[in-house]
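Please walk through this protein with the model open beside the text.

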Amino acid sequence: MSKRNKVLLGAGGAVLLVVLVMVSASAKREKGVEVRFERVGRRDLVAAVTASGKIQPKKKVDVSADITGRITRIAVREGDYVQKGQFLLQIDPTIYEANLQRAQAAMSSAEAGAVQARANRDQSQRLLARTKDLREQNPNLVSTEQLEQAQTAFEIAEANWTAATHNVEQSRAALQEARDQLAKTHLLAPMAGRITRLAVEEGEVAVPGTFSRETGLLLTISDLSVMQTKVQVDETDVVRLHLADSVEVTIDAFPDTAFVGRVTKISNSAVLTAASSVGGQNDRAVDYEVEITLTNPPADVRPDLSATARIVTDTRKQTLAIPIIALTVRENTPVANEQQRGAAASKAPPGADTKKKEAEGVFLVNNGVATFRPVKVGIAGEEYFEVIDGVREGDNIVAGPYQAIRDLKEGSRVRSSRQA
């Protein structure tokens with residue numbers, strides 16, 4: 001075969017290959033993109049916010065020391081149930097007993113001094129009275145200087161008695177303080193509940209938690225009759241929550257059981273997460289603490305168990321709905337009536353603004369052709385959006401897959417993937 005024939009044969013093969021590719025692409029376009037169809041219908045929708053947190057008792061008391069001393073006796077163990085006023089632990093009272101004895105002695109001394117000062121005042125008062133009587137009977141018997149000396153002596157004695165009285169009051173206060181300090185060595189339960197944490201052992205030194213709450217903590221008493229779940233909800237979701245919203249709580253320790261609760265508190269101030277301290281002001285993740293009270297908590301529930309709360313924020317019965325995956329965003333030119341409504345609202349002539357704007361919508365299918373239709377959606381369920389406007393019941397729409405909807409264009413031909 002000549003070289004010319006070889007070239008012609010090769011060129012003919014290339015042309016044939018191009019023709020075959022074009023025919024295949026044309027056939028594929030005619031067949032359309034494989035998608036999943038779904039009819040717009042009515043469904044029951046439930047909008048919910050999901051957040052995780054910890055199980056906590058509604059009421060608990062952290063018992064800490066008000067004085068410094070070595071713990072000599074602990075009368076309870078972690079897990080014990082205690083009644084209000086029950087003895088918990090003893091701090092070495094030796095120093096405080098000595099302080100009480102010293103305060104009692106000072107009190108006795110102050111009272112004795114007050115008795116002596118009162119006697120001196122009474123004597124000075126009687127001397128002043130006699131001096132005045134003699135002065136009245138015969139001015140020559142008592143000089144003016146003697147009368148002034150008697151008056152001064154009485155005033156000094158009265159001042160000493162007043163000082164002695166205040167000294168008694170001061171000693172009495174010191175005695176009461178010493179008694180209170182001694183009483184604080186004998187710790188009693190401030191409420192009834194279960195010991196959920198015992199942070200010390202006998203022989204350790206109890207210190208007041210002035211600067212650190214954890215340092216001074218001795219034990220924790222919790223009332224487990226009312227349990228709560230404290231969760232952190234993102235700022236974009238917390239505005240949807242309301243007091244008394246119904247909640248479904250799942251506890252990791254009870255995987256096969258769901259518990260019912262109600263929202264009882266929504267924090268008004270944000271809780272900054274750990275990530276917020278790393279980023280800048282605009283990178284802060286802002287969460288709000290929400291308290292959920294469980295209606296019937298399990299009997300063996302414990303504080304700090306991990307839990308997940310599903311808070312129901314809204315419900316719809318038999319509302320028009322579309323799959324969440326079907327909703328997409330495209331550039332859209334408003335139709336004539338939309339332009340007229342927009343122009344009337346802005347007092348501009350019709351057709352003044354015909355620029356394309358991005359809009360949320362779905363692709364309607366009619367005779368195998370997909371047409372973008374803007375829609376207005378309401379609440380979101382787990383898989384479906386509520387439709388407020390844009391489509392009607394029974395409309396056939398493209399409901400998936402996601403990649404096909406993302407790449408779909410206005411006027412594209414589509415076919416059901418079930419026919420593939």
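The paragraphs below take the cores, then a helix, then a pair of strands. The model is predicted.

Start with the nonpolar cores. The largest one has 21 residues. Within this core, V233, V249, I251 and I292 have the most contacts. Which elements give two or more residues to it? They are β2 (41–64), β9 (217–234), β10 (246–251), β11 (258–272), β12 (286–294) and β13 (306–323).

Turn next to helix α3, residues 144–183. This helix has 40 residues. From first C-alpha to last, α3 reaches 59 Å, close to the 58 Å expected at 1.5 Å a residue. Which of its residues are buried? They are A150, F154, A157, A164, V168, S171, L175 and A178. The buried residues of α3 pack against α2 (94–137).

Finish at strand β14, residues 328–332. In a regular strand, side chains alternate between the two faces of the sheet. The covered face of β14 carries T328, R330 and N332. V329 and E331 lie on the uncovered face. β14 pairs with strand β15 (residues 357–366) in the antiparallel sense, over five bridges. Look at V329 again: its bridge partner in β15 is E360.

Note on methods:
Residues numbered from 1 in each chain as written. Predicted model: local features only at pLDDT ≥ 70, side-chain atom pairs only at ≥ 80, totals over all residues. Heavy atoms only, no water. Core = buried A, V, L, I, M, F, W, Y, C linked by side-chain atoms within 4.5 Å. Buried < 20%, exposed > 50% of the residue type's maximum accessible area, 1.4 Å probe, protein only. Helix = DSSP H or I, 4+ residues; strand = E, 2+ residues; numbered from the N terminus. Expected span 1.5 Å × (residues − 1). Contact = heavy atoms within 4.5 Å. Pairing = 2+ DSSP bridges.
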